[in-house]
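Subject: Structure for your review

Dear colleague,

I am handing over the structure below, and my notes on what was found in it follow. Please read them alongside the coordinates.

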Amino acid sequence: MHRIQVELRDVAAWYAVIRELNQVCGAGNWKGQNHVRRRLEHLIWDPDKSIWVWFDVPDVTISSWLAVKLAVQVRILPNK
């Protein structure tokens, strides 16, 4: 598994990432960070902020696909 981080600003973008990972990787083949929706809902009061959310994916090339398709910033974390 490879750990990637995605910069998110709202809940809709988070659900879009989840939907894309389910289509590309399969529903049970990736893991994501807990309590993300709660953290994103609190950003409603400060629209300039964003959070980095990690996902464990089976193939690291998915990160470039997410960046292009969903227009999000993606970082690949080493040593996971």
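This is a predicted model: local features need pLDDT of at least 70, side-chain atom pairs count only at pLDDT 80 or more; totals for chains, interfaces and linings use all residues.

Residues are numbered from 1 along each chain as its sequence is written, and side-chain values use heavy atoms, with hydrogens and water left out.

Glu20 sits in helix 1, which spans residues 11-25; helices (H or I, at least four residues) and strands (E, at least two) are DSSP runs numbered from the N terminus. Glu20 counts as buried because its relative accessibility is 7%, the classes being buried under 20% relative accessible area, exposed over 50% and partly exposed in between, with a 1.4 Å probe and protein chains only. Leaving aside neighbours within four places in sequence, Glu20 is in contact with Trp65, Leu66, Lys69 and Leu70, contact meaning heavy atoms within 4.5 Å.

The side chain of Asp56 makes a polar contact of 2.8 Å with the side chain of Arg3, and Arg3 itself is found in strand 1. Arg3 and Arg75 are 72 residues apart in sequence, yet their C-alpha atoms are 8.8 Å apart in space.

Four strands form an open sheet in the order 2-3-1-4, with antiparallel pairing; two strands pair if DSSP finds at least two bridges between them. Strand 2 (31-32) and strand 4 (74-76) stand at the edges with a single partner strand each, so one side of each has no neighbour in the sheet.

Strand 1, residues 2-8, pairs with strand 4 in the antiparallel sense over three bridges, and seven bridges join strand 1 to strand 3, again running antiparallel. Gln5 has bridge partners in both of these strands, namely Trp54 in strand 3 and Arg75 in strand 4, while Val6 has Val74 as its bridge partner in strand 4. Helix 3 (residues 62-70) packs on the sheet and touches strand 1, strand 3 (51-57) and strand 4, its direction making about 170 degrees with that of strand 4; the axes are lines fitted to C-alpha atoms, for helices over the stretch in contact, and angles run from 0 to 180 degrees between N-to-C directions. Six of the seven residues of strand 1 are buried, so this strand is largely enclosed by the rest of the structure.

Within helix 3, Ile62, Ser63 and Leu66 are buried. These residues are on the same side of helix 3, because they cover an arc of only 105 degrees around the axis, the arc being that of the directions from the helix axis to the C-beta atoms. Strand 1, helix 1, strand 3 and strand 4 are among the elements that cover the buried residues of helix 3.

**The nonpolar core**

The largest nonpolar core has 19 residues, of which Leu8, Leu21 and Phe55 touch the most other members; such a core is a set of buried Ala, Val, Leu, Ile, Met, Phe, Trp, Tyr and Cys residues joined through side-chain atoms within 4.5 Å. At least two residues of this core come from each of strand 1, helix 1, helix 2 (36-41), strand 3 and helix 3, and helix 1 gives the most, with five residues. Not counting residues up to four places away in sequence, Leu21 touches Gly26, Trp30, Phe55, Val57, Ile62 and Leu66.

**Positive phi values**

Two backbone values may deserve a look. His35, in the loop between strand 2 and helix 2, has a phi near 60 degrees, a positive value in a residue other than glycine, and His35 counts as exposed at 51% relative accessibility. Ala71, in the loop between helix 3 and strand 4, likewise has a positive phi, near 55 degrees, and counts as exposed at 68% relative accessibility.

With best regards

Methods
A polar contact is a pair of N or O atoms within 3.5 Å; within protein, one must be able to donate a hydrogen and the other to accept it, and residues adjacent in sequence count only if both atoms are side-chain atoms.
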